[in-house]
Amino acid sequence: ARQPGSTFKPFVYLSALDKGFLTPCSHVIDQPIHFGLSDGVPDGWSPKNADGKYSYRSLSLRQAIGESVNTVSAYIIKQVKAKTVVEYAQKLGITTPLEAKPALSLGISDVTVYDMVRAYSAFANGGHRIDPMSVLRIEDRYGNLLQEFFPKENQELSANMAYNMLYLMRGATEDPRGTAGRLRQWGVTEGNEIAAKTGTTSNHSDGWFMGLTSNLVTGIWVGGEDRSIH
């Protein structure tokens, strides 16, 4: 289990959309967000963007998640509360302990690639969470079926909500400033609708990529067992 960084942000956005706090058409300004004692942060905390700057642009949610703007994710978790984000992440299949703190919006709690693929699959499966399987059927040497296994699935999100999340995450590959824009530059997105989310933790100790098409969800983590390996 490792810190997912910004690949955790879709759970933050999902919490706000499903609770009706925001809609896919909402805009949020990229500006400083402060957490204090009332937010459970006695020493105070104001997250910065990756470049350490604030653009003060009014961003659509698709732009914000596509460009992985930290302040927007922080703004959302300040409104919906970290506890709500934890509930949604767990509902979609995250099993590792999650800290219900504002910094969760930037992916501070460790997760596994297995859990992340399971959770993201709900977006591609019309809201159904499906546990990954490695064995589908067992046959004897003559080809006779001895046992067949079927995936366990639960409807955790509405199909409309799952589609909304896919639309937002397509911003990473399709929009000019999307963090997965290289897929577009290499022509991978031509004729394909690909949703994605990238994630990088402090000092580049962890590098993540989550990609979704209509029939495939892929999770990739790059790093070293020793977090000083970048």
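Student: Contact means heavy atoms within 4.5 Å. On that basis, which residues is serine 109 in contact with, leaving aside its neighbours within four places in sequence?

Tutor: This is a predicted model. In it, serine 109 is in contact with Arg2, Gln3, Pro4, Pro97, Leu98, Glu99 and Leu104, once neighbours within four places in sequence are set aside.

Student: Where is serine 109 found? And is serine 109 buried or exposed?

Tutor: Serine 109 sits in the loop between helix 4 and helix 5. It counts as buried, because its relative accessibility is 4% and the cut-off for buried is under 20%.

Student: Where is the place of glutamate 225, then? Buried or exposed?

Tutor: Glutamate 225 is in the segment after strand 9, the strand that spans 217–223. Its relative accessibility is 79%, so glutamate 225 counts as exposed.

Student: Moving to the helices. At what angle do helix 1 and helix 4 pack?

Tutor: About 105°, with the axes of helix 1 (residues 9–18) and helix 4 (residues 82–91) 9 Å apart. Helix 1 is therefore roughly perpendicular to helix 4.

Student: Which residues meet there? And how does the contact divide by class?

Tutor: Helix 1 brings Phe11, Val12, Leu14, Ser15 and Asp18, and helix 4 brings Thr84, Val85, Tyr88, Ala89 and Lys91. By class, the contact of helix 1 with helix 4 has six nonpolar, two polar and two charged residues.

Student: What about helix 3: how many of its residues are buried?

Tutor: Eight of the 11 residues of helix 3 (residues 70–80) are buried, so helix 3 is largely enclosed by the rest of the structure. The buried ones are Asn70, Thr71, Val72, Ser73, Ala74, Ile76, Ile77 and Val80.

Student: And what do those buried residues of helix 3 pack against?

Tutor: They pack against helix 1, strand 1 (27–29), strand 2 (58–60), helix 2 (61–66) and helix 4. Just after helix 3, lysine 81 takes a positive phi of about 80°.

Student: Where does tyrosine 56 lie, and where is the place of asparagine 203?

Tutor: Tyrosine 56 is in the loop between strand 1 and strand 2. Asparagine 203 is in the loop between strand 7 and strand 8 (206–212). Tyrosine 56 counts as exposed because its relative accessibility is 51%, and asparagine 203 counts as exposed because its value is 58%.

Student: Back to helix 6. Which of its residues are buried?

Tutor: In helix 6 (residues 159–169), Met161, Ala162, Asn164, Met165, Leu166, Leu168 and Met169 are buried. Their cover includes helix 1, helix 2, helix 5 (113–124), helix 7 (171–174), strand 7 and strand 8.

Student: Last topic, pockets. What volume does the largest pocket have?

Tutor: About 640 Å³. The largest pocket is lined by 30 residues, and Ser6, Asn49, Ala50, Ser68 and Asn70 lie nearest its centre. Asn70 is also one of the buried residues of helix 3.

Student: Which strand gives the most to that lining? And how do the lining residues divide by class?

Tutor: Strand 7 (residues 195–200) gives the most, with three residues. The lining divides into seven nonpolar, 16 polar and seven charged residues.

How values were computed. Residues numbered from 1 in each chain as written. Predicted model: local features only at pLDDT ≥ 70, side-chain atom pairs only at ≥ 80, totals over all residues. Heavy atoms only, no water. Helix = DSSP H or I, 4+ residues; strand = E, 2+ residues; numbered from the N terminus. Buried < 20%, exposed > 50% of the residue type's maximum accessible area, 1.4 Å probe, protein only. 1 Å grid on protein atoms, 1.4 Å probe; cavity = no way out; pocket = protein on both sides within 12 Å on 5 of 7 lines; lining within 4 Å. Points joined across faces, edges and corners; volume = space filled by probe spheres on them. Nonpolar A, V, L, I, M, F, W, Y, C, P; charged D, E, K, R; others polar. Axes fitted to C-alpha atoms, helices over the stretch in contact; angles between N-to-C directions. Parallel < 35°, antiparallel > 145°, perpendicular 65-115°, else oblique.
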